[in-house]
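Try each task before reading its solution.

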Amino acid sequence: ISSESPSVSSLDFVGEPLRLPPPCDDEGLHKFSAMTQSDESSPSRPLGTAELLVEASFADLRHGGDGDLSKAHRLKKKDADRIVHLQPFPDSWIATTAPIALGMLSDLIYSKFLQLGHDAREVLWPLVSSQLVRWSVGTPQDKVQLEAVTDDEYNGNEVIVDVEEWQPSEALVRIGCKEWSRVFLRVLDAVPDLDKIEAQAWLRTLSISLSDALVKNIKLEEKIREDIVELKLASLGLGLTESHGGVGEGNRNGQNADYLGMLPTLKTRCIASHCLQQYMSTFVDQFAELTAEEEVSYLLKTLNQSRLASSNARKDEDLALAFQEAFFDQWGDGVEEVEAALQGTGGGSGHRGSSKIFFLTQEASATKAVILLLSKLYCPKRSDKEAENISWDAEAFSEPLLMERIIDVLSEFLSSEENDGLLIDPNVWRSASESGGQVAYFCTSFAGVVVDILEMILNLQADKFCRHKASLFPILCSIVRVQSGEIRHLVSDIFRKQIGPMIQVTDSEQKAV
């Protein structure tokens, strides 16, 4: 199953990791134990700790619970009829067990590894992170090893086989990327109980691992993109190189089939980058308050690398033609079939399956992560006591980087809205922050980023806004005319809150208008 956009998943049937079991003295477990002991078939002795958790888990599964064993006693009261949740793939390991299996690793970090300090980071964490990378990125060829296996085909004799490079499906990629977010959230929840040095060490380790995973994925994504374009040109007799086989007409048909077959892998890599970047927003608040300059710089460098790589990809016309060719190939040769496939709503009839819908989404999520991180550094919500513990000037570091990125995004948004606005169905703008997955224009893909920027400007302290009024004011005046009502309302609020006091218009005078 493959989604038509990184931001619109076709895999909503994938489950969630189970919650951590409650402590042994949990009131809900005691109630469940008492109810279990009242059954005629139950043992006369009290249930042990492990037995109690197992029985509560079975009760939760039988009655369709949400994994909270503290509430298992409520399910025990229900009839034995099991609540059936309709699933498109009820027996699929990906749909059920996979999120639980990988989620257990995050739970181990939270419940056990954090207390082990340096040894856990140096010995145990690499094992966990390698699994997260394997699920979200895959196994690169340089890490593939020969394995000895026993196969009936060879009369039970042991043979050496070359294990193929393993690329995870989109479902596993989305599960793996989401688990990165859970790992960060689990560690950040435990930070207040850790020693300051230990907390900083764990955050440094996690941020470097996440950056490395994203870098690996970006490099793999760029290599696949370059190979697709080169193979496509080779199929046309252009740009054929020795690295992709010989010369002549004999192998061109094979090469043509190869580059079309590589596109699903490229889409999955793009989805992996988007998901890793998107989930950063779930923990960026706490991360920005606790991290150091070195980790922030490394993470920003990685995000900018993804942003530039996806920007280059969306501008690649040869790649766009390959995506279009694959889309037509998928729907056959009939004119009616192609026209039916292109029928869409929201002005995006020509964007289904296009390269822009993928790479604009990746670029937007990378830009959003950059702006959110820099915004939290520039406008921290720290107490005076917490500020004293910060060893670097986060505001001075983030200010020029943030303003440069804001001006670039708003300028290109305005240009795209002016050039492409007439081609977009007005219904797309009903919710600007959700328009990115529908049509592939810069203004629609970055509408959510623009909303975040405007909300940040709205909440800026007066002195910080005043320092940048010369660059922000002209752009804000231009944004007033865009089609999105959500964006126009935010600009209106900025004028009232930030610019009104500068021209000595009081709140009461503004309300009277």
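**Exercise 1. Find the residues that Ser 10 touches, leaving aside its neighbours within four places in sequence.**

Solution. This is a predicted model, so we begin with what its coordinates show around one residue. Beyond those neighbours, Ser 10 is in contact with Ile 1, Ser 2 and Ser 3. Then look across to Ala 171, which is 161 residues away in sequence, yet the C-alpha to C-alpha separation is 9.1 Å. Finally, check the surface: Ser 10 has a relative accessible area of 34%, and because that value falls between 20% and 50%, Ser 10 is partly exposed.

**Exercise 2. Decide how far to trust the model, stretch by stretch.**

Solution. Start with the whole protein: the average pLDDT is 79, and 77% of the residues score at least 70. Now turn to residues 79–84, where the pLDDT is below 50 and the model has nine contacts beyond near neighbours in sequence. Over residues 240–257 the pLDDT also stays under 50, and here the model has 21 contacts beyond four places in sequence. Where pLDDT is low, the predicted coordinates should not be read in detail.

**Exercise 3. Work out whether Cys 177 is in a disulfide or in none.**

Solution. A search of the whole structure finds zero disulfides. For Cys 177, the nearest cysteine sulfur belongs to Cys 275 and is 5.0 Å away. A disulfide needs the two sulfur atoms within 2.5 Å, so Cys 177 is in none. As for accessibility, Cys 177 is buried at 0%, while Cys 379 is partly exposed at 24%.

**Exercise 4. Classify the ring pair of Phe 184 and Phe 287.**

Solution. The structure has nine aromatic pairs. In this one, the ring centres are 6.2 Å apart and the planes meet at 75 degrees; planes over 60 degrees apart count as edge-to-face, so that is the class. The pair links distant parts of the chain, with Phe 184 in helix H6 (residues 170–190) and Phe 287 in helix H9 (residues 284–290), 103 residues apart. Phe 184 is buried, with 1% relative accessibility, and Phe 287 is buried with a value of 1%.

**Exercise 5. Find the residue that lies over the face of Tyr 378.**

Solution. Look above the ring of Tyr 378: Lys 464 lies over its face, 4.5 Å from the ring centre.

How values were computed: Residues numbered from 1 in each chain as written. Predicted model: local features only at pLDDT ≥ 70, side-chain atom pairs only at ≥ 80, totals over all residues. Heavy atoms only, no water. pLDDT = per-residue confidence, 0-100. Contact = heavy atoms within 4.5 Å. Buried < 20%, exposed > 50% of the residue type's maximum accessible area, 1.4 Å probe, protein only. Phe/Tyr/Trp six-rings, centres within 6.5 Å; stacked < 30°, edge-to-face > 60°. Helix = DSSP H or I, 4+ residues; strand = E, 2+ residues; numbered from the N terminus. Lys NZ or Arg CZ within 6 Å of the ring centre and 35° of its normal.
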